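How do you read the parts of a protein model, one feature at a time? Let us work through it as a conversation.

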Amino acid sequence: MTDQLQMFGETRVLVCAAEGRPLTAESDANEFMSAAWSQEADWIAIPISRLGPDFLRLSTRLAGMVIQKFVNYRLHLAIVGDISAQIADSNALRDFVYESNRGRSVWFVADLADFERRLP
């Protein structure tokens with residue numbers, strides 16, 4: 001499967017394929033954002049499988065830097081997949097996900113159905 005633009009109601013979402021270049025550094029976010037812009041997407045949905053191993057380790061600051069870049073460029077980001085094991089191991093990550101999900105710019109969702117339910 002390749003990255004695909006999908007419509008969720010009125011919202012244009014670039015849904016990234018499970019396989020492909022991983023997001024392992026802040027500079028990798030540029031490629032994801034460019035792909036979303038080329039499709040005129042409002043949101044980009046990136047599966048957990050595309051995140052590098054350091055993304056969910058908050059001590060690396062990678063998640064914060066990448067998310068800030070998406071927010072600065074007004075592109076909404078959904079991280080899609082089960083991260084319950086990582087949350088169970090890190091109170092800081094649990095709190096980070098909770099706060100992110102309270103906002104409107106970055107969501108951590110279990111699957112695309114969960115994502116769609118959250119949209120206005």
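The questions below go from the sheet to its strands, then to single residues, the helices and the loops.

Q: What kind of model is this?
A: This is a predicted model. Keep that in mind throughout.

Q: Where do I start with the sheet, and what is the order of its strands?
A: Start with the strand order. Here five strands form an open sheet in the order β1-β2-β3-β4-β5. The pairing is mixed.

Q: Which are the edge strands?
A: An edge strand pairs on one side only. In this sheet the edge strands are β1 (4–8) and β5 (106–109).

Q: By how many degrees are neighbouring strands turned against each other?
A: On average the turn is 25°, with direction ignored.

Q: Do β1 and β2 pair in the parallel or the antiparallel sense, and over how many bridges?
A: Their pairing is antiparallel, over five bridges.

Q: How do β2 and β3 run, parallel or antiparallel?
A: Strand β2 (residues 11–15) and β3 run parallel, joined by three bridges. Follow the partners across. V13 has W43 as its bridge partner in β3. V15 has A45.

Q: How many bridges join β4 to β5?
A: Four bridges join strand β4 (residues 76–80) to β5, and the two run parallel. Again, look for partners. L77 is bridged to V106 in β5. I79 is bridged to F108.

Q: How do I tell which way the residues of a strand point? Take β3.
A: Sort the residues by the side they point to. In β3, W43, A45 and P47 point one way, and I44 and I46 point the other way. Both groups are buried. Strand β3 (residues 43–47) is mostly covered, with five of its five residues buried.

Q: Which residues of β5 point one way, and which the other way?
A: V106 and F108 point one way, while W107 and V109 point the other way. All are buried.

Q: How many residues of β2 are buried?
A: Four of its five residues are buried, and β2 is mostly covered.

Q: Why does V15 count as buried?
A: Check the relative accessible area against the cut-off. Buried means under 20%. V15 has 5%, so V15 is buried. V15 lies in strand β2.

Q: What is V15 in contact with?
A: Leave aside neighbours within four places in sequence. Then V15 is in contact with T2, D3, Q4, Q6, F8, A45 and L112. Take Q4 as an example. V15 and Q4 are 11 residues apart along the chain, yet their C-alpha atoms are separated by 5.3 Å.

Q: Is T11 buried or exposed?
A: Use the same cut-off of under 20%. T11 is buried, because its relative accessible area is 14%. T11 is also found in strand β2. Not counting residues up to four places away in sequence, T11 touches Q6, D42, W43 and L119.

Q: How do I describe two helices that pack? Take α1 and α2.
A: Give the angle and the distance. Helix α1 (residues 29–38) and helix α2 (residues 62–72) pack at about 30°, with axes 10 Å apart. That angle makes α1 roughly parallel to α2. Their crossing is right-handed.

Q: Which residues of α1 and α2 meet?
A: From α1 come A29, N30, F32 and M33. From α2 come V66, K69 and F70. By class, this contact has five nonpolar residues, one polar and one charged.

Q: How does a positive phi stand out?
A: Most residues other than glycine have a negative phi. So look for exceptions among them. E40 is a residue other than glycine with a phi near 55°. R61 is not a glycine either, and its phi is positive at about 70°.

Q: Where are E40 and R61?
A: E40 is in the loop between α1 and β3. R61 is found in the loop between β3 and α2.

Q: Why do E40 and R61 count as exposed?
A: Exposed means over 50% relative accessible area. E40 has 60%, so E40 is exposed. R61 counts as exposed because its relative accessibility is 60%.

Conventions: Residues are numbered from 1 along each chain as its sequence is written. This is a predicted model: local features need pLDDT of at least 70, side-chain atom pairs count only at pLDDT 80 or more; totals for chains, interfaces and linings use all residues. Side-chain values use heavy atoms; hydrogens and water are left out. Axes are lines fitted to C-alpha atoms, for helices over the stretch in contact, and angles run from 0 to 180 degrees between N-to-C directions. Angles under 35 degrees count as roughly parallel, over 145 as roughly antiparallel, 65 to 115 as roughly perpendicular and the rest as oblique. A crossing is left-handed if the near helix is turned anticlockwise from the far one by less than a right angle, and right-handed if clockwise. Contact means heavy atoms within 4.5 Å. Ala, Val, Leu, Ile, Met, Phe, Trp, Tyr, Cys and Pro count as nonpolar, Asp, Glu, Lys and Arg as charged, and the others, Gly among them, as polar. Buried means under 20% relative accessible area, exposed over 50%, partly exposed in between (1.4 Å probe, protein chains only). Two strands pair if DSSP finds at least two bridges between them.
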